[in-house]
Amino acid sequence: MYAKDPVHADEAVFGRTSHHVTRRGFLSGLKSLSVLLGAEIVYGQFMPAGLIPAAFAQTDNPFTIEGKDGLVVLNDRPVNAETPAHLLDDAVTPASRFFVRNNGIVPESPDPKTWTLTIEGESAAQSRTFTLDELKAQFKHYTYQLTLECGGNGRAEFSPAATGNQWTTGAVGCPSWTGVRLKDILNAVGVKDDAVYIGYYGDDQHLSRTPGKAAISRGVPMSKAMEDESLIAWAMNDAPLPLMNGYPLRLVFGGWPASTSGKWLKKIVIRNQIHDGAKMLGKAYRTPCKPVAPGTKVADEDMCIIEAMPVKSLITYPQSGTAHALSSPLEVRGHAWCGSTSVEKVFTSIDFGQTWQQAKLTRPKNRHAWQHFKTTVTFPQAGYYEVWAKAEDTNGRAQPMVLPGWNPKGYLNNACHRIAVSVTA
């Protein structure tokens, strides 16, 4: 969506080598872009000079995993795949459309009849092991619709480029989850006064297949672990979890990076310190504690752990690249979410943020569920447009129009989502 090097949109499209483009040069480039798009870029004078039109970011190459439908693969070792935005239009994300984010090798044929979960750690009053049947029989069941989003969702837009899976917008979903509250399990085991964190261990193998080496072992502070909506889940949308999403048992922490929601859950440790498992140290799932210039090398000790995800929105209808008749209004809809509070307002723009109109917004199903927005837009003339969406949370924090603070791993991109629309006379 943005040029990977410090070049402008017309350079990125036409392969020019100059890294210095004046505003006049960019405006002349808009004419060439209009030719490629097949329509005039309406409000093109307001289009940020570093932007590649959203129409050029589309792909028609689907990738299918067993039990999944229409996902696009980013990596096959381990398997990681995202969902195109227009396939996330459902109010409750179907299991077949929920993204896949793996760090290791998925367990082969896990057996729920023999599956166990152990709770232990230096801040656990005792060590206890539960079978899946015991968890279901001994504790009350809860169902919540919870938004999970990869911390690196949107990484593909960062410049300079950040390493890792080049997620665009589809590493997010909001299914319904059923299980038991984590706090009920922790209280049954007993939590010492010095407890500050929990960590998890799953049954997935490290890519090296080294015995005892965890592919990922992250966690959350006790305050998050003890929230009502923090679950140990065995079902998604009233059916067993998909294998790629943690079958038969996983953690679900809505609103925080999905990496905290450990899959194929085998053990939880109650810690008297911040958990130090795999992907908890260094730069993994951390951003600079203070803002830095793009490309800056940041020392590990100057990186802070990501907790709540920022406010964000996603246009799910229409599909980017759609053609629409000038004579009729266009319905636009999508979802908005926020990691720590809820979304207060959603706005859309067709003139690159010069003006905004407020959309209708529903209340969340429960805490940490996404919210749905809908509006209609009309266009003043035929041509190329981009519809932008911007969400604002209850604390007044809104999505930025351009990329937020650069960071070495490309986390937390919550820039406004945008789609391309070709309006015909």
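User: Is phenylalanine 99 buried or exposed?
Analyst: Phenylalanine 99 counts as buried, because its relative accessibility is 3%; buried means under 20% relative accessible area, exposed means over 50%, and partly exposed lies in between, with a 1.4 Å probe and protein chains only. This is a predicted model, in which local features need pLDDT of at least 70, side-chain atom pairs count only at pLDDT 80 or more, and totals for chains, interfaces and linings use all residues. Residues are numbered from 1 along each chain as its sequence is written, and side-chain values use heavy atoms, leaving out hydrogens and water.

User: OK, aromatics then. How many aromatic pairs are there in the whole structure?
Analyst: A search of the whole structure gives 11 aromatic pairs, where rings of Phe, Tyr and Trp (its six-membered ring) pair if their centres lie within 6.5 Å, and planes under 30 degrees apart count as stacked, over 60 as edge-to-face and the rest as tilted. In one of them, the rings of tyrosine 43 and tyrosine 385 have centres 6.2 Å apart and planes at 70 degrees, so this pair is edge-to-face.

User: And where do tyrosine 43 and tyrosine 385 lie?
Analyst: Tyrosine 43 is in the loop between helix 2 (23-37) and strand 1 (72-76), while tyrosine 385 is in strand 25 (residues 383-393), so the pair ties together parts that are 342 residues apart in sequence. Helices (H or I, at least four residues) and strands (E, at least two) are DSSP runs, numbered from the N terminus. Tyrosine 43 is partly exposed at 25% relative accessibility, whereas tyrosine 385 is buried at 0%.

User: Which residues form one aromatic cluster?
Analyst: That cluster is made of Tyr43, Phe46, Phe379 and Tyr385.

User: New topic: how many residues does the largest nonpolar core have?
Analyst: The largest nonpolar core has 42 residues, and among those with the most contacts inside it are Ile119, Leu182 and Ile268. A nonpolar core is a set of buried Ala, Val, Leu, Ile, Met, Phe, Trp, Tyr and Cys residues joined through side-chain atoms within 4.5 Å. Several elements each supply at least two residues of this core, including strand 4 (116-120), helix 4 (182-189) and strand 15 (265-271), and helix 4 gives the most, with four residues.

User: Why would residues like that sit together?
Analyst: In soluble globular proteins, nonpolar side chains tend to be buried together.

User: What does isoleucine 268 touch?
Analyst: Leaving aside residues up to four places away in sequence, isoleucine 268 touches several residues, including Leu117, Leu186, Tyr200 and Leu251, with contact meaning heavy atoms within 4.5 Å. A second, separate core of 21 residues includes Leu330, Cys338, Val343 and Ala391.

User: How many bridges join strand 20 and strand 24?
Analyst: Strand 20 (residues 330-337) and strand 24 (residues 371-377) pair over seven bridges, and two strands pair if DSSP finds at least two bridges between them. Histidine 335 stands opposite histidine 372 in strand 24.

User: Which face of strand 24 is covered?
Analyst: The covered face carries Gln371, Phe373, Thr375 and Val377, and the uncovered one carries His372, Lys374 and Thr376. Phenylalanine 373 is also the bridge partner of leucine 361.
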